[in-house]
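Let's walk through this structure together, one part at a time. Have the viewer open as you read.

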Amino acid sequence: MTRIALLDDGDAGALAAALRAAGHDARVVRAPSVEVVDLLLARRGFTGPLSHAPLLAARLAAGGFDVAHAFTAVDAVAAQAWRALGGGRVVFTCRETLDRSSLADRRLRLWALRRAVERSDAVAAASEPARDALWRWMAVEAPVVPLDDARAQLRLYGI
Amino acid sequence: MVVPSHGRPLRLLWLLNALEEQTLSGPWDVVVVHDYDAGFAERVLDRHPLARDGRLRHVPIPPGTGSPARQRNVGWRAARGRFVAFTDDDCRPEPEWLDRLLASVRDPETDVVQGATRPDPLEVHLLAAPHHRTMATEPPGPFFQTCNILYPRALLERLGGFDERAVSGEDVGLACRARAAGSRIVGARRAVVNHAVESHTLPGMVRENLKWRHLAYLVKRHPEVRRDLCLRVFWNADHLAMTLAVAGVAGAARDRRALALTAPWAVRASRRRGAGARARATALAELPGQSVRQLAEVAGLAAGSVRHRTLLL
């Protein structure tokens, strides 16, 4: 049984249930944002939300997970911090369809995107438009792995 | 069109994607001179839609052997067109860019056309970073940056291209030689290139700006550039204010009244972010970092002045 953390920014609940049905310990992990901090950072031109990332990495470290599956670039960077502290495999699924206007529009945005796609152990796209945009703007060839396909996700996790 | 590229493969890809939207109906192509590995070139450049349309060619050079001047020379010599437009890999030309540059040419043998460059509107939030790099020019002049300029190929051949001994400012040097040879430099304000806005750490910014120390070479070779300097010696008014401030602090040990020399710098620094209490507070918070950056710039230029035996601060 593999312990899987789904770093959710919305709707990973169904995937967690499917992974549990497949016999794994899959849990949705969230960390609260500190709104005032994110507001101040946004005013200084930073991408957001960012303030939840340290706590997210700490929760991963406390959870004893084998795999962390992120769906946003910032969460992937937090998971990579967890990996650097002795954590396990980091998987990044790009759900958004990237476009030129959002690639480098904020401080740390491009940095986080690059780290997410270049330093995660596996990278996937959640849809064909997301895959095409990853190639067009980040030169990353990623397979499309639908979020409702638990078996395909397990292959991404190396299971 | 010629693009030198080094250390910015993603930005290069974004530039090529933007060039797909050029509205120029006549034939044009782009030559990229780069030092990326063969894997990147095969995977990204050879497969790019512009390459499939026959519009993109790339010339690899061994890593570490390039310079902007050398790469641009390799590029225009490999180009096939009668006109050569230059831009950089951290730029995003507007779709009508080439059309408007060419429309401004009156004498196809001698006219140099400079377009307008502005911080990329898609990245303006990064201007909030204390240390950022971008470019804004309102043509024509004074420095004729190669992020947005068009030369007749015949003129480049007559002039011998860029001076490869120049580490920086090679674009200004070429424009000086073009003017001396009788060329007219035409401003094309509607030929717009959007320049990346990149935020840096303070050490990164200091490193980035170290290249400007070689500008003394440019000033030595082309003394007419001094007309566009502050008091013919200072690269800009900030450098003049910083130099006065350093003199004031140094002189304060003998006479405290020398500290008055720091006033212009203090006033400029406090207004850097504009008027209003919040802007002033931001400027104040950024003051230490800005001081270090400017001091490093002036020190770098001073070192360059010694090396090239001409004063530029």
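In what order do the strands of the open sheet in chain A lie? The order is 2-1-3-4-5, for 5 strands with parallel pairing. Strands here are DSSP runs of E with at least two residues, helices are runs of H or I with at least four, and both are numbered from the N terminus; two strands pair if DSSP finds at least two bridges between them. Strand 2 (25-29) and strand 5 (122-125) of chain A are the edges, each pairing on one side only. From one strand to the next, the twist averages 20 degrees.

Before going further, a word on the model: it is predicted, so local features need pLDDT of at least 70 and side-chain atom pairs count only at pLDDT 80 or more, while totals for chains, interfaces and linings use all residues. Residues are numbered from 1 along each chain as its sequence is written, with chains lettered from A and ligands numbered from 1 in the order in which they are written.

Back at the sheet, strand 4 (residues 89-94) of chain A is joined to strand 5 of chain A by 4 bridges, and the two run parallel. In strand 5 of chain A, V123(A) stands opposite F92(A). Helix 3 (residues 53-63) of chain A lies across strand 1 (3-7), strand 2 and strand 3 (67-70) of chain A, at about 160 degrees to strand 2 of chain A. Such angles run from 0 to 180 degrees between N-to-C directions, with axes fitted to C-alpha atoms, for helices over the stretch in contact.

Now turn to chain B, which has 12 helices and 10 strands. G182(B) sits in the loop between helix 7 (170-180) and strand 9 (185-195) of chain B. G182(B) is exposed because it has 10 other C-beta atoms within 10 Å.

Finally, look at where the chains meet: 12 residues of chain B are in contact (C-beta atoms, placed from the backbone, within 7 Å) with 12 residues of chain A. Helix 1 (residues 9-19) of chain B gives the most to chain B's side, with 4 residues.

Technical notes: Contact = placed C-beta atoms within 7 Å. Buried ≥ 20, exposed ≤ 12 C-beta atoms within 10 Å, placed from the backbone.
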